[in-house]
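Hi,

Here's the structure I said I'd pass on.

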Amino acid sequence: MSDRTLSAHALVPLLQGLPDDAPLYRALADRLRLLSIDGRIPPDTRLPSERDLAQALDVSRTTVSQAYAALRSDGFLTSRRGSGSLLHAPGSRPGTPGPDAPALDLTKATMPAASQVAAAATAAAADLPRHLLRHDYDPVGLPALRAALADRYTALGLPTTPEQVMVTLGAQHAIGLVARTHVRPGDRAVIEMPTYPHALDALVAAGARPLAVPVDARAGWDADGLLRAIASGPAVAHLMPDHHNPTGAIMPHDLRTAVCHAAARSGTIVVVDETTAELDIDRLTPWTPFARHATPGTQVVTIGSVGKTLWGGLRLGWVRADTDTITRLVAARHVHDLGTPILEQLVLLHALPYLADVAETRRAQLRASRDHLTARLAERLPTWDVPHVHGGLALWVGLGEAYSSRLALAARARGLAISAGPRFGTGGEFERHLRIPITAAPDVLDEAVDILVRAWDAVTSAPERPGAELRDASVPV
């Protein structure tokens, strides 16, 4: 039986913005399906009782009862007397069959492995025997790899020593570790909106109270709002200043400097996620690490990774920070894991000399996909607002209507998995936006756009029955 319970109070913000042009029970069931499919509600989470949710939403208990009944009939909800109602997308439980998976999956903005990874893996395997006499775990990282990463920062104009680098199990592991060691329950944390959802999850799991600052695909950051938020003295500020996920925005250099000044005065730790920073296509100024803008008294913790550049299957990242912070992170790490695999570190060590070549290849791939997708959307869905991005992995598209959740469900029914806009916010925000990755090949993007066109026609031509188009699809409603 699951030990995850979602209270009515916690669920209500996820249900904001339910459409009012159809029976409420159907809109409620549709939203809960989407929350289960895209992972905002983990599998086998116990939902609030019908009475509690009805009271929290100020609706009749019959409405919630009908929604739960629809979910049970679809296989999304299992109810047992005395155990409550557990929500789970069909097939989300290990070993259980579900509906056919969508033929296309654009929920992840990732690319296949760079061709150089295979050669690096071969070299790493040959290098492994000399490490086999070690009998301990590696919580901080191989000295040679830490030195190589430090040398890369130094070459970029940010002097760094190996003692300032810790190797982690990817960027998400690093973000979670920083959150657990630098945020106490009730602390405020600046977070961009929209944002990378797993960073928000990590901060909330550590007990942070998010303090949202808007980021717009065209206008960028609300500079005054960001500086005021940092001046108020939050514990941390999590920022993605280069090819922001999901908007693609790039923070101006003068704002970076201003952020560092404000953080130095308030004592706020600036946690900078640079996992997509080197994925340039045609940005106007060369990338330099955010920490180069740090002023005396500014504490910047930089998160890096090769998951977006080399390969998502190479689960390695790192933290660059002052030596006291690295010592603190290493000391806290054993609570959740005991170290980073040696073989994977050797693969990264042997791959680092190829990164400049990888960046050139990725730039060409992303440029071709970005330009192709932008042209197709302009041709097939001309009412959508498609901002130009200078790099990164996705487009943050404006739909013009608050149909993102309905569109994601309709697209899934037609064979395309894609994340609705609210996945990147809190409280049902961003129903007017959709993130579309530019990481797939042009022919795949053509197929995805075809599906989006059909799904968009369905949700806009019959608004009185949102979700009706799913009745005969692979995901029943």
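Predicted model: local features only at pLDDT ≥ 70, side-chain atom pairs only at ≥ 80, totals over all residues.

N245 and P246 are joined by a cis peptide bond, with omega at about 15°. H243 sits in the loop between strand 9 and helix 10 too. H243 isn't a glycine, yet its phi is positive, at about 55°. Is H243 buried or exposed? With a relative accessibility of 2%, H243 counts as buried.

There's another cis bond to look at, from M193 to P194, with omega near 0°. P194 belongs to the loop that links strand 6 (188-193) and helix 8 (197-205).

D44 is one more non-glycine with a positive phi, about 65° in this case. You'll find D44 between helix 2 and strand 1 (45-47), in the loop there. The cut-off for buried is under 20% relative accessible area, so D44, at 19%, counts as buried.

Now for helix 2 itself, which packs against two other helices. Any such pair is described by the angle between the two axes and the distance between them.

Take helix 4 (residues 61-74) to begin with: its axis and that of helix 2 come within 8 Å and cross at roughly 50°. Helix 2 is therefore oblique to helix 4. The crossing is right-handed. On the helix 2 side, the contact uses L24, Y25, L28, A29, L32 and R33, while helix 4 brings a set including V64, A67, Y68 and L71. By class, the residues of this contact split into 10 nonpolar, 2 polar and 2 charged.

Then there's helix 14 (residues 404-413). Helix 2 (residues 24-37) packs on helix 14 at an angle of about 70°, and the axes are 10 Å apart. So helix 2 ends up roughly perpendicular to helix 14. Here the crossing is left-handed. D30, R31, R33, L34 and I37 of helix 2 meet S405, A408, L409 and R412 of helix 14. That contact has 4 nonpolar residues, 1 polar and 4 charged.

Which residues have the most contacts inside the largest nonpolar core? They are L226 and L310, in a core of 46 residues. Setting aside neighbours within four places in sequence, L310 touches P112, A113, A114, V117, L348, A351, L355, V358 and R362.

Last stop is F290, in the loop between strand 10 (269-273) and strand 11 (299-305). F290 is buried, and its relative accessible area is 0%. Again leaving out neighbours within four places in sequence, the contacts of F290 are P241, M251, R256, V259, C260, V270, V272, E274 and V300. F290 and S115 are 175 residues apart along the chain, and their C-alpha atoms are 29 Å from each other.

Cheers

Terms used
Residues numbered from 1 in each chain as written. Heavy atoms only, no water. Axes fitted to C-alpha atoms, helices over the stretch in contact; angles between N-to-C directions. Helix = DSSP H or I, 4+ residues; strand = E, 2+ residues; numbered from the N terminus. Parallel < 35°, antiparallel > 145°, perpendicular 65-115°, else oblique. Left-handed = near helix turned anticlockwise from the far one by under 90°. Contact = heavy atoms within 4.5 Å. Nonpolar A, V, L, I, M, F, W, Y, C, P; charged D, E, K, R; others polar. Core = buried A, V, L, I, M, F, W, Y, C linked by side-chain atoms within 4.5 Å. Buried < 20%, exposed > 50% of the residue type's maximum accessible area, 1.4 Å probe, protein only.
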